[in-house]
Each structure stands twice: as structure tokens, then as C-alpha cells.
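Thank you for coming, everyone.

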Amino acid sequence: MSNISLESGNPAIYDPRKVLQHPQFRVIPEGETPSKDANIAAFYNPAHEIHLVEKPRPVPGPGQVLVHVRATGICGSDVHFWQHGRIGDSMVVSDECGSGHESAGEVVEIGEGVTEWKVGDRVAIEAGVPCSQPACEACRTGRYNACPDVVFFSTPPFHGTLTRWHLHPAQWLHRLPENVSFEEGALCEPLAVALAGIERSGLRLGDPVVICGAGPIGLISLLSARAAGAEPIVITDLFQSRLDFAKTLVPGVRTVLIQRGLSPKEQAEHIKAAAGVPLAVALECTGVESSVHTAVHSMKFGGKVFIIGVGKNEQLFPFMHLSANEIDVSFQYRYANQYPKAIRLVNGGLINLKPLVTHKFALEDAVKAFHVAADPSQGAIKVQIVD
């Protein structure tokens, strides 16, 4: 469990024990078909089981909105919590925990004092809810992703948004324009991750860039880098199928297949040859140590390696190569102030997220969806659950 206290503020409001100790909470036996009006959700637990549960339908309190979640993407972190039970030392699955944080839906009830939303409004759900208190430096200065009392739905112990009915603070919902689908609205969450990376990396119009990893975040970073005017763009991956998919998204991207037998320095030479010009920025989207090394050795003097990916707790870096070549290394923790931008870019047609959704499942089939998302042989890019 995280170090967040559940005794006050948003952590108390969204205390998972209220659900787990409720008499209506139960694990749905395999083979049982839940009713269409049941509030079902996909949960994992410390035994590394993934299953459907039934829980009470929430009632919105002051400042809250009840959302019928219409689309939710399965993130790599959801799969990781299910299969490994933890990410780092502070995010540990210690009880039944609801999955999902890439969601969009429709307002079905509003609580006291909510004036900006009405029943029927279409919204994207920003899953990280900070304390928003003036005494909190992170919130006060706009870097609310660093709020120590944040409730990030689906990060233990807080339950996620992969459920039929989700209760959310009104101020952390974002209006979807009519031409942006629920599926695209859900994809605004990983897009927010990529946009935060583009912004913090300092990527500028015309910068040559390499993107390491062609998973969902790497592919959305590719779309974002192209929209930002990067040229040329090189993308790498271990699987040719993902590189081929990247080509369908951005035909002009240059692809490099990572070869397991090559050292990072040798692999970097292939990347530099594909680029044809000195590379200014690397967006590292895997978090894998060897990939970080490859990114470092691909950079020109004064380049920047920006690490979006999440990896093992401790890693070794080529310190003197970084030092002697004035290569900067920076990191990212979630995102802040990106959702409005993400929605504008999708609405304006600058970023097309639709091709990323390769598999869709009904909410009742969420367990099957998790198994597809976790199996590379299935060829899934983004698995979504719709209701």
C-alpha cells in the first residue's frame, strides 16, 4: 500500500475500504453472467488473480459526478499490477483493487453544488485527483502530479475506473466535443503522458528525434512528435510487427529493429545511420536499461534523453559518456495540465488515435480482455473495454 493516509481529504472520500467492506461487494464466480444494471468492475489481488466483482452503485456527494464509463483502455501498468502485484516500493497491491485509469463516459448523476455538468454530458476522466489545497506546493505551483495526497484511480490502494459506474470530482472531468468518441476520450490519458514528455523534453520544430519502443506510449509519442514538427523521426522496437504498425500511423517514420545480439553502442550506430543527421532528442518509452543505453549512445553532443518509460528500481547509466558529451537525462512522473491540450489536438485532427484501438471487449468480458492485452502473440496495440 502507498504511504497516503486514508483519514482525511480525497483519500478518505475514496477510501477503498468503503467498497470492500460493503455488503454488496462480491467476487463474481467464473461463468456467472452479471445483470446489465449491476455495477461490475475488473479487480486484481495479491494472489495475482484477475476477476470481475460486483460493488454498490455510488451516490454522488457535494462536488461529485457519477459517470457511466463507456470506454476504458488497459494500460501496461494494469497488467503489471495484476501479474506482479507492485510497481516500485510504494505502489503495492495489498487487497482486492480495481483496475483502469484510461476512461471516458457519460454523466448520469450530479451531486450538490455541481453547476458545470448536466446529465448526458460526455467527459474524459482525469484519473489523478490531487488535494488542490493552497498549502500544497505541488498543487499551488501547477505541478499537481507531485501532490503527496493524490488519489490516482487504479494505483493501489485506490480502485480504478474500469467499472460501470464511477464516482469522480466534477473539476477533474474534461468535456468531450461531439466529434471525439468515447474511445478517443479514453486514449487522451496515454496521450497526456506523451504530451507531457514532448513538453518536458523541449522538443522543437525540426528536431531530429529517436523514439525507443513502439508500444502504445511509443506510438502515441510518435504521433505527438510528428504533430510537434520533429523531422526526421526514428522509432525502434524488438518486434517488426510493431514497427510496421508505426509505418501505418506515420508513413515517413524511419524504423530500426532492435537485434538482441548487438550491444547498445552497436545498435546506436544503426539508429544514427537511419536518421542520417545527428539526433537531438531521444524519447525513451521502454524503461529498459539496455534501451536507455542505446538512446544515450545515439545522441549528438548536447542532446537530451528523456525517459518516459518505467523500469526496474535501480539501473546503471554510461556516466562518463553522458558527461563527456553533455547529454542531459530527464524523467517524467505521470503528467499535469495536459488533458485540455490532448482533447484539442484530437478534436482539431492533428492527432488521430483511432487506429491504436486494435481490440474491443464488452465490460462483462474484461477478464478475457486482460489476457489478450498481456499476451504479445495476440498482436494487440491498445485493448479497450466498452459498455
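I will speak about a pocket, then a lysine, and then some aromatic pairs.

This is a predicted model, in which local features need pLDDT of at least 70 and side-chain atom pairs count only at pLDDT 80 or more, while totals for chains, interfaces and linings use all residues. Residues are numbered from 1 along each chain as its sequence is written, and side-chain values use heavy atoms, with hydrogens and water left out.

Let me start with the second largest pocket, which holds about 410 Å³ of space. A pocket here is an open set of points on a 1 Å grid over the protein atoms alone, where a 1.4 Å probe fits, with protein on both sides within 12 Å along at least five of seven lines, and lining residues have an atom within 4 Å of a point; the volume is the space filled by probe spheres set on the points, which are joined across faces, edges and corners. There are 21 lining residues, and Ile-13, Tyr-14, Val-19, Pro-58 and Leu-167 lie nearest the centre. Two or more residues come from each of α2 (17-20) and β12 (165-169), with β12 giving the most, namely three. Helices (H or I, at least four residues) and strands (E, at least two) are DSSP runs numbered from the N terminus.

Next, is Lys-382 buried or exposed? Lys-382, which lies in strand β21 (residues 382-386), counts as buried at 3% relative accessibility, where buried means under 20% relative accessible area, exposed over 50%, and partly exposed in between, with a 1.4 Å probe and protein chains only. Its side chain makes a polar contact with the side chain of Glu-102, at 3.0 Å; such a contact is a pair of N or O atoms within 3.5 Å, and within protein one must be able to donate a hydrogen and the other to accept it, while residues adjacent in sequence count only if both atoms are side-chain atoms.

Finally, rings of Phe, Tyr and Trp (its six-membered ring) pair if their centres lie within 6.5 Å, and planes under 30 degrees apart count as stacked, over 60 as edge-to-face and the rest as tilted. By this rule there are seven aromatic pairs. In one of them, Trp-82 and Phe-370 have ring centres 5.9 Å apart and planes at 85°, so the pair is edge-to-face. Because Trp-82 lies in helix α3 (residues 76-84) and Phe-370 in helix α12 (residues 366-374), this pair ties together parts that are 288 residues apart in sequence. Trp-82 is buried at 6%, and Phe-370 is buried at 0%.
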